[in-house]
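Dear colleague,

Please find the structure below, handed over for your reference.

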2 protein chains.
Amino acid sequence: MKPWRILAKRVLLERPPWLTVGEQDVELPDGTVLDGFNWISTRAFAIVVPVLGGDRTLLVRSFKLGVGAVSLSLPAGYLEDGEEPLAGAKRELLEETGHEATEWIALGRYVVDGNYGSGAMHAFIAKGARRVGEPNSGDHEEQELLTLPFSEAIAKLRAGEMAQLSTAAARGLAAIALREGR
Amino acid sequence: MKPWRILAKRVLLERPPWLTVGEQDVELPDGTVLDGFNWISTRAFAIVVPVLGGDRTLLVRSFKLGVGAVSLSLPAGYLEDGEEPLAGAKRELLEETGHEATEWIALGRYVVDGNYGSGAMHAFIAKGARRVGEPNSGDHEEQELLTLPFSEAIAKLRAGEMAQLSTAAARGLAAIALREGR
């Protein structure tokens with residue numbers, strides 16, 4: 001199975017440092033040429049599934065503008081320029097929740113949109129997480145930190161209280177990884 | 001916890017029927033005003049986790065431009081104008097794989113990006129899936145259909161062969177739902 005060939009790539013909108021949108025002309029393996037296929041470039045982000053003692057985890061409750069409502073999400077945030085995904089995950093867990101962890105398990109890198117790109121998610125499990133300080137995200141976002149059993153977090157996911165794709169994905173990937181062991 | 005208030009909303013780029021990008025000025029509950037917060041609107045899509053007899057499932061192997069590589073994904077596609085998510089899921093399963101199913105279980109709606117929006121995923125389990133015809137997606141995409149045990153699909157997910165966030169999320173959500181029953 002052959003890759004598509006990019007014939008030309010143009011920028012249509014730049015919103016540094018957050019977002020660039022463009023279009024590209026591509027040639028398919030059968031020779032078909034598609035003109036003006038859109039692409040989106042956004043910042044990569046790290047997301048963390050914390051595992052605390054007593055089979056508990058952490059969730060953040062906040063208003064999310066993209067959702068248009070208050071919802072529950074896992075600690076997550078954009079990587080800084082040149083920052084390794086694991087370093088970003090550790091930083092976000094500390095900033096958003098005041099927690100550190102003793103063991104980090106990578107759950108992989110996932111492209112947000114198979115057609116447009118739209119950045120990528122790097123997901124991690126943070127085992128042995130424990131509180132070492134106060135949250136200090138520096139964001140304007142008003143947020144509430146919940147510590148709850150994993151079974152309750154899963155129940156909230158299934159009840160539709162986690163409205164973001166990234167949180168659902170990381171939560172599901174962690175459920176698979178933790179069940180099957182390493 | 002109060003929602004943010006949208007003070008103004010502007011369109012910056014229109015690519016009908018696929019994509020609109022804009023910015024909005026918002027007021028936070030503490031009175032802070034953020035100007036030019038980006039938003040992205042893309043088409044909602046449905047994605048399907050097929051469950052076949054013998055504890056098998058289906059995956060589609062194809063080149064995805066947003067990934068820039070060949071990867072494995074679940075049957076999925078954009079909803080048509082006015083189409084209900086379940087109807088779109090049934091249509092995509094039939095078009096992409098030639099399969100129908102006897103029982104459909106909704107796994108929820110998830111906003112692709114908590115900051116920008118970027119459309120939404122509607123995920124479903126299709127139980128009792130069986131082949132009723134040939135795939136006929138109408139797309140230009142060269143693709144290969146794989147029928148394989150669930151355990152192998154999970155192994156491929158964990159090996160990094162499913163590069164798209166939507167597939168990882170639906171796969172994880174299905175693993176949770178199928179393990180815990182309805």
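**Salt bridges and their surroundings**

At 12% relative accessibility, D25(B) counts as buried (buried means under 20% relative accessible area, exposed over 50%, and partly exposed in between, with a 1.4 Å probe and protein chains only). The side chain of D25(B) meets that of R10(B) in a salt bridge, at 3.0 Å from N to O; the term stands for a side-chain nitrogen of Lys or Arg within 4 Å of a carboxyl oxygen of Asp or Glu. R10(B) lies in strand 1 of chain B and D25(B) in strand 2 of chain B, so the pair ties together parts that are 15 residues apart in sequence. Helices (H or I, at least four residues) and strands (E, at least two) are DSSP runs, numbered from the N terminus.

Before going further, please note that this is a predicted model, in which local features need pLDDT of at least 70 and side-chain atom pairs count only at pLDDT 80 or more, while totals for chains, interfaces and linings use all residues. Residues are numbered from 1 along each chain as its sequence is written, chains are lettered from A and ligands numbered from 1 in the order in which they are written, and side-chain values use heavy atoms, with hydrogens and water left out.

R10(B) also forms a salt bridge with E23(B), the closest N and O atoms being 2.9 Å apart. Here R10(B) in strand 1 (residues 5-15) and E23(B) in strand 2 (residues 19-27) of chain B are involved, so the pair ties together parts that are 13 residues apart in sequence. R10(B) is partly exposed at 32% relative accessibility, whereas E23(B) is buried at 12%.

In chain A, E95(A) and R91(A) form a salt bridge with their closest N and O atoms 3.3 Å apart. Both residues lie in helix 1 (residues 85-97) of chain A, four residues apart, about one turn of the helix. E95(A) is partly exposed, with a relative accessible area of 26%, while R91(A) counts as buried at 17%. Over all chains, the count of salt bridges by this rule comes to 24.

**The interface between the chains**

The size of an interface is often given as the accessible area lost when the parts come together. Chain A and chain B bury about 5700 Å² between them, 65% of it on carbon and sulfur atoms; buried area is the accessible area (1.4 Å probe) that two parts lose on being put together, summed over both. On the side of chain A, M1(A), L65(A) and L165(A) lose the most area to chain B, together 15% of what that side buries. The contact (heavy atoms within 4.5 Å) takes 66 residues from chain A and 66 residues from chain B.

Across this interface the rule finds two salt bridges. The side chains of E23(A) and R15(B) meet in a salt bridge at 2.4 Å, N to O. Helix 3 (residues 165-180) of chain A gives the most to the side of chain A that touches chain B, with 12 residues.

The secondary structure of chain A comes to three helices and 12 strands, and its C-alpha trace spans about 60 × 40 × 35 Å along its principal axes. Of the 182 residues in chain A, 53% are buried.

The largest nonpolar core holds 71 residues, of which V21(A), L59(A), M121(A), V21(B), L59(B) and M121(B) touch the most other members. Such a core is a set of buried Ala, Val, Leu, Ile, Met, Phe, Trp, Tyr and Cys residues joined through side-chain atoms within 4.5 Å. Leaving aside neighbours within four places in sequence, L59(A) is in contact with residues including L72(A), L74(A), L145(A) and M162(A).

**Backbone points**

A cis peptide bond joins P16(A) and P17(A), with omega about 0°. P17(A) lies in the loop between strand 1 (5-15) and strand 2 (19-27) of chain A. In chain B, the peptide bond from P16(B) to P17(B) is cis, with omega near 0°.

D55(A) has a positive phi of about 55° although it is not a glycine. This residue lies in the loop between strand 4 (45-51) and strand 5 (56-64) of chain A and is exposed, with a relative accessible area of 52%. S118(A), also not a glycine, has a positive phi near 65°; S118(A) lies in strand 10 (residues 117-127) of chain A and counts as buried at 11% relative accessibility.

With kind regards
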